[in-house]
Amino acid sequence: MTDILLIQPPALKSSEPPLALAVLLAHLRAQGLTVNAIDANLDAYLYLLDGTRLASRATSDNDTSLRRALRHRAASLALLRSPAAGDNFARYNTAVRYLNHLLTVWNGPSGTERLTLGDYQHPGLSPFAPEDLASLAEGDEQTLFAGYFTDVLLPQIVATQPRIIAISINYLHQALPAFELAGLLRRHLPDTQLVAGGGLITSWQELLRRLKLRLPPFDRLIFGPGETMLTFLAKGQTTNDYCLADATTISFAPDFSFARLHDYLSPQPVLPLSTSRGCYWQQCLFCPEAAAPVHPFAATRPAALPEMLRQMADTYGVSHFHLTDNAIPVHLLKTLAEQRSQLAGLSWFGFVRFERELEDATLVDRLAQSGCRMLQLGLESGSQPVLDRLGKGISLESASRILSNLSAAGIASYVYIMLGTPGETEADAVQTLEFLEAHAGQIGFLNLAIMNLPRASGLLDTPELYGIADATPPDTANPLGLYQAFRPTGDWDRTAARRFLDQRLLGSPIIRAIVNRTPPLFTSNHAVFFSQKRGPLFC
């Protein structure tokens, strides 16, 4: 019998194994528990992309493009798992388009369900509505993953005879499939304890407690890090509380022994790793992590980081890493730069802030020598007043120097822009356009978005100071909604910002060229394979 079975439900990008499961697996096994993990996200996609199943779904009146995609299915999968994918963006783009088109055969009638290679939507059911989650859990509704759950995953789970099943729900598009799966498990394994945790569950913590809501069929919910509470549950050391939270122990070392690394849709196997948990800045007023942090910021010991990377590379035969921190702390960046000789032959990418230390060209060069191939940076705006109002703590002059340093060192920059923030004006948006055009030569990739205002946001503490006339909480039918509609004090609203993005930003040939080289669907997970070709990542 298995003490704990950890499950990652669909539907996420299937380019790398789930880090949360790997960290929990390592920690729980170190406590002497019998633990297994299943990446049901990857397995669900492979089930749905199986050639025989696709052919049986494809009817004689399917369009020509679908028949063509079916003929190229095997070759497209092979290309996305081959280093050759990074050699030709057009071939890569075609392969992604073929596979994504094949997934449309599983979509429901009249657009009731929509699955892509990195997303899942069900317009008829809402992850914010407890009634919809309950309908799935009770079996009254189904998703397109039902066949995989029943035919493949359920027998696999039953065979392990777990005492506890912990389902990690981190993103909105996992919620509906996760509750369907949990309900199926409850009916077939009535004596097994079902536990839900992960980022999405944690984001609901305040709402669930305030509204005194339970989320059947789960027996327990874990908010924040799960290491301590899962250990206590497995050893029978907890109370009967439904909501559990304890950040006493935060682990970093993962165990990827459950992952079939060469099955992931990635030109080369990439392992995720976090050097820290939480955000060390916690001052951006638009970020819920600043308004309501889940737990105190914690980081791994600097001396342990290079050793951990090297050990993972040796254990799994992988040389490419994704550092998944909210923002890699500066002192750990310095450690990577200082210990670059230990990291020879390895490569990595991840999020950082526009910190002044990166104005030091020598440090940036040493980061490149340590294997850094791409850095993701949240600029948000090219207007200094907007940045100051949002609490970003960065200056445009500093950002300009940092982008120049990264480009000179051969490190690609993946820059995030967010229009439509409270208090923004059209003049601010024009400054963003001008900044991006002026720095186009130093920007590798762009993510352009319109802001969603979180329910937990420092901007709502004194809304009148930030250009918010009023904000509307989610309606009563969707009490678990994470965002609020808001009306600005001026005439520049989300609609105007969207129009500016579509017409002015994307209408700029310079900016459009940057956007067009972003890998479709897999975006930042695959962008590193198309950055400047230097070092071991492209060998």
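Reader: Which cut-off decides whether a residue is called buried, and what relative accessible area does His526 have in this predicted model?

Author: Buried means under 20% relative accessible area, calculated with a 1.4 Å probe. In this predicted model, His526 is placed in helix H22. His526 counts as buried because its relative accessible area is 0%.

Reader: Which residues are in contact with His526, leaving aside its neighbours within four places in sequence?

Author: His526 belongs to helix H22. With neighbours within four places in sequence left aside, the residues in contact with His526 are Ser15, Tyr92, Leu265, Ser266, Pro267 and Pro519.

Reader: How many helices and strands are there in the chain, and what radius of gyration does the chain have?

Author: The chain contains 22 helices and 19 strands. For 539 residues the globule rule gives 24 Å, and the chain is close to that value, so it is as compact as a globular protein of that length. Its C-alpha trace spans about 60 × 60 × 55 Å along the principal axes. The radius of gyration itself is 23 Å.

Reader: Which residues does Trp348 touch, not counting residues up to four places away in sequence?

Author: Trp348 is one of the residues with the most contacts inside the largest nonpolar core. Not counting residues up to four places away in sequence, Trp348 touches Phe321, Leu323, Ile328, Leu333, Leu336, Leu367, Ser370, Gly371, Cys372, Arg373, Met374 and Leu375.

Reader: What is omega for the cis peptide bond that joins Pro10 and Ala11, and where does Ala11 lie?

Author: The peptide bond between Pro10 and Ala11 is cis, with omega of about 15°. Ala11 lies in the loop between strand E1 (2-8) and helix H1 (19-30).

Reader: Where does Pro217 lie, and what is omega for the cis peptide bond from Pro216 to Pro217?

Author: Pro217 is found in the loop between helix H11 (205-211) and strand E7 (220-223). The peptide bond from Pro216 to Pro217 is cis, and its omega is near 15°.

Reader: What phi does Gln161 have, and is Gln161 buried or partly exposed?

Author: Gln161 sits in the loop between helix H8 (146-160) and strand E5 (162-168). Although Gln161 is not a glycine, its phi is positive, at about 50°. Its relative accessible area is 49%, so Gln161 is partly exposed.

Reader: What is the relative accessible area of Leu521, and what phi does Leu521 have?

Author: Leu521 is in the loop between helix H21 (509-516) and helix H22 (523-527). Leu521 is partly exposed because its relative accessible area is 30%. Leu521 is not a glycine, yet its phi is positive, at about 70°.

Methods. Residues are numbered from 1 along each chain as its sequence is written. This is a predicted model: local features need pLDDT of at least 70, side-chain atom pairs count only at pLDDT 80 or more; totals for chains, interfaces and linings use all residues. Side-chain values use heavy atoms; hydrogens and water are left out. Helices (H or I, at least four residues) and strands (E, at least two) are DSSP runs, numbered from the N terminus. The radius of gyration is taken over C-alpha atoms; the globule rule is 2.2 Å times the number of residues to the power 0.38. Buried means under 20% relative accessible area, exposed over 50%, partly exposed in between (1.4 Å probe, protein chains only). Contact means heavy atoms within 4.5 Å. A nonpolar core is a set of buried Ala, Val, Leu, Ile, Met, Phe, Trp, Tyr and Cys residues joined through side-chain atoms within 4.5 Å.
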